Amino acid sequence: MPAKLPEPRHQCDANGMLLYIHGFGSSAYSYKAQALIKRGRQRGIPVVCPNLPDAPQLAVQTLCDWVEHTQPDILVGSSLGGYYARYLADRYERPAVLINPALRPFDRLREAIGQATHYFDQTLFEWTKAHCDALIDFDVTQDDQTRLWLLTQRGDEVLDAQQAIDLLPDARHTIEPGGDHSFVGFDRYLDQILNFNPGA
């Protein structure tokens, strides 16, 4: 069963479900999560957005519980959530949308070792070298990238967009100039994300 954490969610009897995976220090109350929930509600598509533990192994176990329990049709991940989404897409053979993904977070997040901050409520949490090392366990290099859609902006001030482009040569690409790590203009893609079907 999924971890018992407070998370906003929308349920309905319509076919299809989307699982949104937030990034490092973020939460289910992020702008992108809430935008997908709102648009999903308008269209009768359930969207679930679990609040994840900070520790990578616990976060992935929570996500695996959610996938096995809810059987989502689409995975969506932002930043570190994009890294987790790629792992889940490979493990469970699901399509996934990766938004400005951190595909080598075990390198990038070494800069965050120490006291990090949750964006939603400004509480502090400890991020350690062991956490960075644990991320390596979920690295995927031989996946079917045709089930992935990379949404990235070259103006990302946190991550190098070119790295994701290079690591996902066979994914569907939407590459925009400018923008930032939050992905400026995300609302433009809500319906396309909710409709994502790489086999169509």
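Phe24 is buried in this predicted model, with a relative accessible area of 17%; buried here means under 20%, exposed over 50% and partly exposed in between, using a 1.4 Å probe and protein chains only. Because the model is predicted, local features need pLDDT of at least 70 and side-chain atom pairs count only at pLDDT 80 or more, whereas totals for chains, interfaces and linings use all residues. Residues are numbered from 1 along each chain as its sequence is written, and side-chain values use heavy atoms, with hydrogens and water left out.

A search of the whole structure finds 9 aromatic pairs, meaning rings of Phe, Tyr and Trp (its six-membered ring) whose centres lie within 6.5 Å, with planes under 30 degrees apart counted as stacked, over 60 as edge-to-face and the rest as tilted. One of them joins Phe24 and Phe125 edge-to-face, at 5.5 Å centre to centre and 65 degrees between the planes. Phe24 lies in the loop between E2 and helix H1 (31-43) and Phe125 in strand E7, so this pair ties together parts that are 101 residues apart in sequence. Helices (H or I, at least four residues) and strands (E, at least two) are DSSP runs, numbered from the N terminus. Phe125 is likewise buried, at 6% relative accessibility. Tyr29 and Phe120 are stacked, with 4.7 Å between centres and 25 degrees between planes. Here Tyr29 is partly exposed at 36%, while Phe120 is exposed at 55%. Elsewhere, Trp149, Phe183, Tyr189 and Phe196 form one aromatic cluster. The charged end of Arg172 sits over the ring of Trp149, 3.9 Å from its centre; the criterion is NZ of Lys or CZ of Arg within 6 Å of the ring centre and within 35 degrees of the ring normal.

A nonpolar core is a set of buried Ala, Val, Leu, Ile, Met, Phe, Trp, Tyr and Cys residues joined through side-chain atoms within 4.5 Å. The largest has 39 residues, of which Leu19, Ile21, Leu75, Tyr84, Leu88 and Leu135 touch the most other members. Several elements each supply at least two residues, among them strand E2 (18-21), H2, strand E5 (96-99) and helix H6 (161-167). The largest share, 8 residues, comes from H3. Contacts of Ile21 (heavy atoms within 4.5 Å) include Leu52, Leu63, Val76, Tyr84 and Leu88, not counting residues up to four places away in sequence. A second, separate core of 23 residues includes Ala28, Ala33, Val47 and Ile99.

Helix H2 (residues 56-70) has 15 residues and should span 21 Å at 1.5 Å a residue, which agrees with its end C-alpha atoms being 21 Å apart; the expected span is 1.5 Å times one less than the number of residues. Buried positions in H2 include Pro56, Leu63, Trp66 and Thr70. Just after H2, Gln71 takes a positive phi of about 50 degrees.

The structure also holds 9 salt bridges, each a side-chain nitrogen of Lys or Arg within 4 Å of a carboxyl oxygen of Asp or Glu. Arg86 meets Asp143 at 2.8 Å, N to O. Since Arg86 lies in helix H3 and Asp143 in the loop between H5 and E8, the pair ties together parts that are 57 residues apart in sequence. Both Arg86 and Asp143 are buried. Arg104 and Asp107 form another salt bridge, their closest N and O atoms being 2.8 Å apart; Arg104 is partly exposed at 33%, and Asp107 is partly exposed at 40%.
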